[in-house]
Structure formats: C-alpha cells, structure tokens
Amino acid sequence: MPHSQTSAARDSRLGVRLARGASPWLLPTVATAAFSLTRARKSGRWAAAAVPATALAAGMLWFFRDPEREIAQGRVISPADGVVQSIMPWKDGRTRVAIFMSPLNVHVNRAPLAGTVTSVEHVPGGFVPAFNKESENNERVVWHFDTELGDIEMVQIAGAVARRIVPYLPAGTKVEQGERIGLIRFGSRVDIYLPEGVEVAVEVGQATTAGVTRIDRD
C-alpha cells in the first residue's frame, strides 16, 4: 500500500491529527476550558465562563487541524489551502501565484514539488492583513527548493493576526511533493513563483487545497 494511503488509513482510525507548532496556543486554551468545566459543577459563575472557554478551545482544535491528503499528480501543486488572490508576471520572467488563507483554512503548508530545500530565510516585517497590498512588507519566511524545474521560490507571509510562522524543515532537507513543511498561525498568505515558461492552471478567485490542487498546466 502506498505511504499516503497507509497514512490516510491510520488517520481514519485515530482522527485528524493536529499541526506541529500548535502547542503554545492550543494547550492554554484547552487547559482553561477543562478547568472551567470542572469548576462549573459547583459554581454558576464558572458555568458561565465555561461556555466561551470551551468554544475557544474547540475553535483552536479546528484551526490547528492537519488532515491527511491524497497527494495529486502534477509538476507543481498548491502549497496552501485558500483562495488565489492574484496571479502576477514578474520582471525576471517568473509568475507569482498568491494564495490567501483565511482563519477557516488548514494552515499547514506543503512542498509544491519534490526536491531539496536550499534555503529557509526569516524576514522581519509588519503585520497588516494578508489580503492588503502592503502585506508585501509583512513578516515572512522565504523558501527556495532545488527541483526538476530548477529553483522554486515559496514565501509564507504573516497576516494581521498570524504573528508566527513555524518552519518544519532546515536547509539541506530533501522533501517529497506534498510533504508538510511549515505552519502559519491564523490568517495569512502563501506565494509561489513559477519559472518562466510554466503556464498557470488556476485563476483568481479559485479555491485551492494544499497537496491536491495543481498550479501549473502541461
């Protein structure tokens, strides 16, 4: 059985996994909810507090979900769940595809191609909403992959709420297409730069699924 099918079968038994890097946000909210629910049995005031605490914990569990995916076939697949925000020709001949991720999307990003991570660079910056043009100057992590198509650049961009990007892999790591490579906490954006001559298969406004939606066209 292929690895992806084995993982999916295991996941169906154990439930959807949670994203690496979620603990600093998830553990305090779940602990608060559990504590307030315990106290709610003896106090009406704690019972009132338990409702929003439990709702917040449930929201965090949903946000940090990390479902298994059956990885699609294709040269370049989407690194992110979200909606294509823009498709822009670049001066060097590449094409940038920007994918906006709302808080409702899965925020674990995946490798768009198989290859080797040649660099992972954290760039400090602002935190304006990721759908805003000024988000070009937001805090971000710039990835470069050595692939069969040459150098592929991918950028994880923090949003107004997403104050932390968590890369999972260091430079020098070999990755499979669709492999998990990092997490952006809360609303954010992921850009991928397609090499010159590679035709874009998606369009602005189209929904994408990380590891599933093909970005390029034959």
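1. Start with the hydrophobic packing: the largest nonpolar core counts 34 residues, and Val97, Trp143, Phe145, Tyr168, Ile181, Leu183 and Leu194 make the most contacts inside it. Strands S4 (95–101), S7 (140–147), S8 (150–158), S9 (165–167), S11 (180–184) and S12 (188–194) each give two or more residues to this core. Apart from it there's another core, of five residues, including Val123, Val155, Ile157 and Tyr193.

2. Keep in mind that this is a predicted model. The chain's mean pLDDT is 81, with 66% of residues at 70 or more. Strand S10 (residues 174–175) has the highest confidence, at 98, while helix H1 (residues 3–14) has the lowest, at a mean of 36. Residues 1–14 sit below 50, and beyond near neighbours in sequence that stretch has ten contacts in the model.

3. Ile181 is worth a click. Setting aside neighbours within four places in sequence, Ile181 touches Asn109, Arg110, Ala111, Trp143, Phe145, Met154, Val166, Pro167, Tyr168 and Leu169.

4. Now look at S12, where seven of seven residues are buried. Ser188, Val190, Ile192 and Leu194 point one way, Arg189, Asp191 and Tyr193 the other, and all are buried.

5. S4 runs antiparallel to S12, joined by seven bridges, with Ala98 opposite Asp191. S8 is antiparallel to S12 too, through six bridges, and there Ala158 stands opposite Ser188.

Methods:
Residues are numbered from 1 along each chain as its sequence is written. This is a predicted model: local features need pLDDT of at least 70, side-chain atom pairs count only at pLDDT 80 or more; totals for chains, interfaces and linings use all residues. Side-chain values use heavy atoms; hydrogens and water are left out. pLDDT is the predictor's confidence in each residue, from 0 to 100. Helices (H or I, at least four residues) and strands (E, at least two) are DSSP runs, numbered from the N terminus. Contact means heavy atoms within 4.5 Å. A nonpolar core is a set of buried Ala, Val, Leu, Ile, Met, Phe, Trp, Tyr and Cys residues joined through side-chain atoms within 4.5 Å. Buried means under 20% relative accessible area, exposed over 50%, partly exposed in between (1.4 Å probe, protein chains only). Two strands pair if DSSP finds at least two bridges between them.
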